[in-house]
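Please open the model in your viewer and keep the selection panel to hand. The tour below goes from one selection to the next.

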Amino acid sequence: MKKIRTAAEEDFFIEEIEKIARNAGDIIKAHYTQGVAHEFKSTRQVVTAADKESEQLLKEQLLKIHPCSFYGEEEGGDMAERGDQWVVDPLDGTENMNGYPPLVAVSIGLLRSGKPVLGVIYDPIYSTLYSAQEGGQTRVNGEVARLSSQTDPAKAVISLDFSSEITTRYQTLKQLSRVLEQARAVKVFGAPVLSLAAVAAGRLDLFFRPSTKLTDMVAGVCMVRASGGKVLDYEGKDWTIRSTGVIAGSSAMVEAYLPCFK
C-alpha cells in the first residue's frame, strides 16, 4: 500500500478521488439527461447501462492511483479483512434515474482492514461533492460541514431507506411508526449514500436503514464519523462491515431514537 505521510499528499490523494467521482458523475448525468432503460438484476433491484459504465470507470481509475482490492455494487468481489479495499456504488438511486426526485450519486469508500477511512460522494445532478477522511473533517464542495446542532428529538428531520429485502419491510414499518411518534418530519430519498452525506453535512438529523449493503455505507459512515457523529447498528454497537441495520446521526439524536429500533 502507498503510505500517505504528509498533509499535502493526503490533499492530493483525495483530490484525485474527487476527480474520479466527477468523471463517473458525468456518465450518470449524460444517461439521466438522455434517458436510460433499466433491467432487473433481481426481483426488486434494477440496473442500467449507467451503473455498469460508471463502475468500470471507477475500477480502472481508482486502481490506477491506489492498487488494492476492489468491491463494486455491480461486479461484487470478496471482502478483504486486511489491507485496503475500494468499496464503490457507481450509481446509488438507480430507481430515481427515470423517476422523481432526481436524487442519484456516486459513492467511493476506502476500507483499511475493514474500517472506513475515506469517503467521497458526488451528486452529479446538483453538482454537490462530499468528502472526508478519518481524522479529518467532512467537506461539501470544499467547505467544512458540521452535524446538525439540533438536540430536541421532537424537532428532528429523519431519513430512512427501505431495503429491497421484503422480509425487512414489516420491521421497518414498525420502527417508522415509533419514530413518527417523536420526529418533526421523515423523508425517503431512495439513495442511502445521499442520506448519510446529508447527516454528515447537518441537513438531516438522523438516518436509519434495516440492511446495510457495504457499497451504500462505507463512504457515508466515514463522513458521519468525520463530522463527529455516531454510526451504530440496531443493537446499539458501533457499526462495522458485518453489521445489520444502521442508525447515523449526532450522539444526542442517536441516543434519543435508539429505543425505536430495539
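Which residue in β12 is the bridge partner of Ser 159? Select Phe 207, which is the bridge partner of Ser 159 in β12. This is a predicted model, in which local features need pLDDT of at least 70 and side-chain atom pairs count only at pLDDT 80 or more, while totals for chains, interfaces and linings use all residues. Residues are numbered from 1 along each chain as its sequence is written, and side-chain values use heavy atoms, with hydrogens and water left out.

Now extend the selection to β10 (residues 157-160) and β12 (residues 206-209), which run parallel and are joined by three bridges; strands are DSSP runs of E with at least two residues, helices are runs of H or I with at least four, both numbered from the N terminus, and two strands pair if DSSP finds at least two bridges between them.

Next, show the open sheet of seven strands, ordered β3-β4-β5-β6-β7-β8-β9 with mixed pairing. Its edges are β3 (69-72) and β9 (143-144), each with a single partner strand, so one side of each has no neighbour in the sheet.

Within it, β5 (residues 105-112) and β6 (residues 115-123) pair in the antiparallel sense over seven bridges, and Arg 112 stands opposite Lys 115 in β6. Finally, return to α4, which also lies across β4, β5, β6 and β7 (128-133), running at about 105 degrees to β6.

Note on methods
Contact = heavy atoms within 4.5 Å. Axes fitted to C-alpha atoms, helices over the stretch in contact; angles between N-to-C directions.
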